[in-house]
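Visitor: I'd like to learn how to read a model like this one, feature by feature. Could you walk me through it?

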Amino acid sequence: MTQPCSLVTAKVVFIGAGPGQADLITVRGSRILAQAHVVLFDALADEALRDLAPQATWIDVGKRGFSGKEGSDFNGQTRINQLLVEQALAVGAIHGDKGLVVRLKGGDPSLFGRLEEELHVLYDAGVACEVVPGVTSALAAAAATQRPLTRRGTGRSVAFTTAMTRTGDLQCGMGPGQRADTEVFYMAGRQLDPLSKGLLEAGWPADTTVSVVSRAGWPDMRHSMHTVDTLGAASEIHAGRPTLVIVGNGATDIPEQPLTHIALCGEGRNA
């Protein structure tokens with residue numbers, strides 16, 4: 001384990017940049033970003049966010065593809081971890097404990113953002129940290145398509161799952177015997193056909209509604225509707241784009257007829 005550093009280090013703040021265009025960042029995130037001396041930014045962060053911190057040094061640490069693919073290891077996790085500590089020390093040497101390093105992550109840092117690994121290395125080095133949440137792409141997709149992820153009376157639970165692990169293994173949702181009313185699969189663009197088969201094997205009916213959204217939060221967002229057994233057809237529509245797959249109640253259209261009243265607990269009882 002790395003020993004905590006005795007030198008003065010800058011604070012590191014993890015900020016969720018949101019799921020697309022720059023104005024989807026939170027007010028708090030934009031305010032702190034504007035104070036940064038150094039920004040380590042992901043590939044999915046909007047270039048326009050640079051305008052919020054023109055005085056900062058911006059360092060690209062975006063990953064592009066999985067380990068083993070050409071060009072994907074330059075910004076591997078080991079290098080990012082090292083940069084976090086190095087920049088905290090370098091900025092601290094100039095600005096003391098008033099220095100600020102921002103780790104700008106697409107979406108929300110806590111969802112599939114390797115936040116735990118990066119916090120660990122900073123904890124071990126004795127660097128002060130803060131995490132500012134952001135809007136995750138699942139929420140942007142639900143908003144843009146006007147398909148709420150939860151539905152009164154029919155959709156009480158939502159699961160967020162990464163469709164692909166670092167080892168290349170497909171993940172088809174929750175554990176044996178478990179299933180949320182709506183499942184959202186991140187990083188699914190390369191896995192749509194295998195995901196279709198995996199969902200069928202996991203017990204989802206073939207005619208279950210599926211909503212596929214790529215580049216949620218951007219002007220060029222694409223949206224297509226499928227069923228579990230026809231999900232593979234979405235591959236051509238969303239090829240080469242960051243893609244989300246929403247399965248179940250949260251993927252369905254809003255009913256044409258207004259919802260009938262569903263009594264809440266205690267309603268209708270005599271006083």
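Guide: We'll go through cores, a sheet, a helix and some side-chain contacts in turn.

Guide: First, the ground rules: this is a predicted model, where local features need pLDDT of at least 70, side-chain atom pairs count only at pLDDT 80 or more, and totals for chains, interfaces and linings use all residues. Residues are numbered from 1 along each chain as its sequence is written, and side-chain values use heavy atoms, leaving out hydrogens and water.

Visitor: Let's start with cores. Which residues touch the most other members of the largest nonpolar core?

Guide: The general idea is that in soluble globular proteins, nonpolar side chains tend to be buried together. A nonpolar core here is a set of buried Ala, Val, Leu, Ile, Met, Phe, Trp, Tyr and Cys residues joined through side-chain atoms within 4.5 Å. Buried means under 20% relative accessible area, exposed over 50%, and partly exposed in between, with a 1.4 Å probe and protein chains only. In this model the largest such core has 20 residues, and V12, L40 and L122 touch the most other members.

Visitor: Which elements give two or more residues to that core?

Guide: They are β1 (11-16), β2 (38-41), α2 (77-95) and α3 (115-125), and α2 gives the most, with six residues. The element names come from DSSP runs: helices are H or I with at least four residues, strands are E with at least two, numbered from the N terminus. Apart from this core lies another, of 19 residues, including I15, A22, L33 and F41.

Visitor: What does L40 touch?

Guide: Contact means heavy atoms within 4.5 Å. Leaving out residues up to four places away in sequence, L40 touches I59, V61, L83, L84, Q87, V102, R103 and L104.

Visitor: On to sheets. What is the strand order in the open sheet of five strands?

Guide: Strands of a sheet pair through backbone hydrogen bonds, either parallel or antiparallel. The rule used here is that two strands pair if DSSP finds at least two bridges between them. The order is β6-β7-β10-β8-β9, with mixed pairing. The edges are β6 (158-162) and β9 (222-227), each pairing on one side only. From one strand to the next, the twist averages 20°.

Visitor: Which way do the side chains of β7 point?

Guide: In a regular strand the side chains alternate between the two faces of the sheet. From β7, T182, V184 and Y186 point one way, E183 and F185 the other. Five of the five residues of β7 are buried, so the strand is largely enclosed by the rest of the structure.

Visitor: What does helix α4 lie across?

Guide: α4 (residues 137-145) lies across β6, β7, β8 (209-214), β9 and β10, running at about 70° to β10. For such angles, axes are lines fitted to C-alpha atoms, for helices over the stretch in contact, and angles run from 0 to 180 degrees between N-to-C directions. The buried residues of α4 are S137, A138, A140, A141, A142 and T145, and their cover includes those five strands, β6, β7, β8, β9 and β10. Just after α4, Q146 takes a positive phi of about 55°.

Visitor: And aromatic rings: how many pairs are there?

Guide: A pair of aromatic rings is described by the distance of the centres and the angle of the planes. Rings of Phe, Tyr and Trp (its six-membered ring) pair if their centres lie within 6.5 Å; planes under 30 degrees apart count as stacked, over 60 as edge-to-face and the rest as tilted. The count comes to three aromatic pairs. One of them is F112 with Y186, a tilted pair at 5.0 Å centre to centre and 55° between the planes. F112 sits in the loop between β4 (100-105) and α3, 74 residues from Y186 in β7.

Visitor: Why is the pair of F160 and Y186 called edge-to-face?

Guide: Their ring centres are 6.0 Å apart and their planes are at 75°, so the pair is edge-to-face. F112, F160 and Y186 form one aromatic cluster. Y186 counts as buried at 8% relative accessibility, while F112 is partly exposed at 37% and F160 is partly exposed at 33%.
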